[in-house]
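Look at the model first, then read on.

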Amino acid sequence: MNNILVLPMVIPLLAGIILIFLRSHVHLQRWISFAAMSVVAGLSIYILELIQMNGILRLDFGNWQPPFGILFVGDSFSMLLVLTASVVTGICLLYAFQSIGEAREKMFFYPFVLFMVAGVNGSFLTGDLFNLYVCFEVMLLASYALITLGGTKPQFKESIKYVVINVVSSWLFLVAIAYLYGAVGTLNMAHLSARIAEAGQTPLLTVISILFLLVFGLKAGLLLYFWLPGSYSVPPTAVAALFGALLTKVGIYAIFRMFTLLFYHEPQITHTLIGVMAGITMIGGSLGAVAYKDIRQIVSYNVVIAVGFILVGLAVATPIAVEGSIYYLIHDMIVKAVLFLLAGTMVALTGTAKIDRMSGLIRNYPLLGWLFFIVMLALAGIPPLSGFIGKVLVGQGAAGGGNYVLLALALLSSIFVLYSLLKIFKNCFWGETIISEDEQIPVKKSLLIPCVILTAISIGLGLGAEVLAAYVKDAANTLMNPNVYVEAILGKGIGQ
Amino acid sequence: METLIIILAGVLVTVATYLILSKGVLRVILGTAILSHAAHLLLMTMGGLKKGGVPVIGEGNGIYTDALPQALILTSIVISFAVTAFLLVLAYRTYQENELSQLARGLKDE
């Protein structure tokens, strides 16, 4: 009955495998990949409703009871992220149809995207630590292929760095799993949580938890973000948008799971460390966003700032701050995707990524300009738009928890986000028009439609936050009370 | 026995770290390969190196070594094999594309 839980991973996987055989049928590939993502999005809404009615769902593979077999767990937090990931991927695919080019499409572009989404959805849903590692690798291997696909010189240069960094962080992940298995003797997350609670978090376990923090920090770009701006600025626009929207967010998800479900007993060590890392991440990201004149670099550093901001919510660890983080996480996945798409469109239209070589674009491309303006306001957290509620809740949580330094940094980073994007808007869209009417490359409508849809979703999220409220509350409730999760997996009595 | 293997894994990590921090791309890839060896050894050790039969039902006399780390290692070996293969081809293509740049210079410097 709970078999539906496996579909968000299996549908993209199967569709990807089928597409391998349809290599030369580009149109068929497009439709199948888009259909697969739409079905997954629809299913995840259905599963969300199921979770609202019946509580946390779990699927034991092969009918092995929880601590012994692997399993998928669907709670509101993971399903919200699965839903957002599927929607964003579907819309980025719409953009890719027009922009990616037939050469790449014939070299298995769509299968790779689908495999990556399968890995992402698997990471969100799994309830087993080693399975999480495997899903990470599925996602990363597909992303290695996507970042190099096309084979231009800058792509090669950056992708070697990207791959080596991820090999090292996967190694750390494996080592951390080995230590944890040696210390506690299980890999099932709920069982781990119960056993760690039983033993009380010893210093040894705290060390292991910090190792996990480093691993996922590398994946998410928390403090260890030095690889991120380079790697995210070389791939084609649609791929960069997918990376910006999905990859770091999986790392953030893993940090949330780890430090709310497993290692929540020593907050004065671990959560303080997360807070410090988040603070430095926001400072570093803000400096980077202000320093560069390359659109793609500025946008990449905005990803870094958002990572820091979301983790402020975890560092504070009050229910309200975690709720804010969840809102902001969902908002950020959508808005970062559209930001990357808009930046890529601007680069494609003007043929340069330097902001001082563009000017007066709003006369040539008014719709593009206003879309960018709305997205900028949404990212900065201006009230009617989607970034607002997350920022308010995180801020409220930080103030309530007495974390005034983090609160100040979070608010200041919003100003830097606004400043860095306003710099793009002012330099590129305002000013003298450089491109004359007849030299102007017409922007394809089909390139703007995905951006319009994503912006509309972002506005909808801002205006209709009430619709999400029930799900987000449930998600935050599960995160703050690990017993709910443990009892759903292991049954009553064990998860005390 | 565990102590010995842990020290061995530590030596492997040291060597790998040194290689990864060097200039040549090939050395970096060798470093990642050694790194994965160290991780696999460590997984094996953390599962316990107690004496017991091979984990095949019918062998031994009721006492077996832990089968779970072996399954984990097997999974991890294929994954790191795939990544290493990809990384090697990537290095080769980079070498072709940016002729005599990074890779060659790195090797000449030694």
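## Salt bridges

The count comes to 10 salt bridges over all chains. A salt bridge here is a side-chain nitrogen of Lys or Arg within 4 Å of a carboxyl oxygen of Asp or Glu. This is a predicted model, in which local features need pLDDT of at least 70 and side-chain atom pairs count only at pLDDT 80 or more, while totals for chains, interfaces and linings use all residues. Residues are numbered from 1 along each chain as its sequence is written, chains are lettered from A and ligands numbered from 1 in the order in which they are written, and side-chain values use heavy atoms, with hydrogens and water left out.

## Pairs across the chain

One bridge joins the side chains of A:Glu105 and A:Arg30, at 2.9 Å from N to O. The partners sit 75 residues apart, A:Glu105 in helix H4 (residues 102-106) and A:Arg30 in helix H2 (residues 26-54), both of chain A. Helices are DSSP runs (H or I, at least four residues), numbered from the N terminus. A:Glu105 counts as buried, at 1% relative accessibility. A:Arg30 also counts as buried, at 16%. Buried means under 20% relative accessible area, exposed over 50%, and partly exposed in between (1.4 Å probe, protein chains only).

A:Lys249 and A:Asp332 form another salt bridge, 3.2 Å from N to O. A:Lys249 lies in helix H11 (residues 237-262) and A:Asp332 in helix H14 (residues 319-350) of chain A, so the pair ties together parts 83 residues apart in sequence. Both A:Lys249 and A:Asp332 are buried. Bridges with shared partners join A:Lys249, A:Asp332 and A:Lys336 into one network.

## A pair within one helix

A:Glu102 bridges to A:Lys106, with the closest N and O atoms 3.6 Å apart. Both lie in helix H4 of chain A, four residues apart, about one turn of the helix. A:Glu102 is partly exposed at 47% relative accessible area. A:Lys106 is partly exposed at 32%.

## Helix packing

Helices H13 (residues 295-316) and H17 (residues 387-400) of chain A pack at about 35°, with axes 9 Å apart. Axes are lines fitted to C-alpha atoms, for helices over the stretch in contact, and angles run from 0 to 180 degrees between N-to-C directions. H13(A) contributes A:Phe309, A:Val312, A:Gly313 and A:Val316, and H17(A) contributes A:Lys391, A:Val394, A:Gly397 and A:Ala398. Contact means heavy atoms within 4.5 Å.

Notes:
Helices (H or I, at least four residues) and strands (E, at least two) are DSSP runs, numbered from the N terminus.
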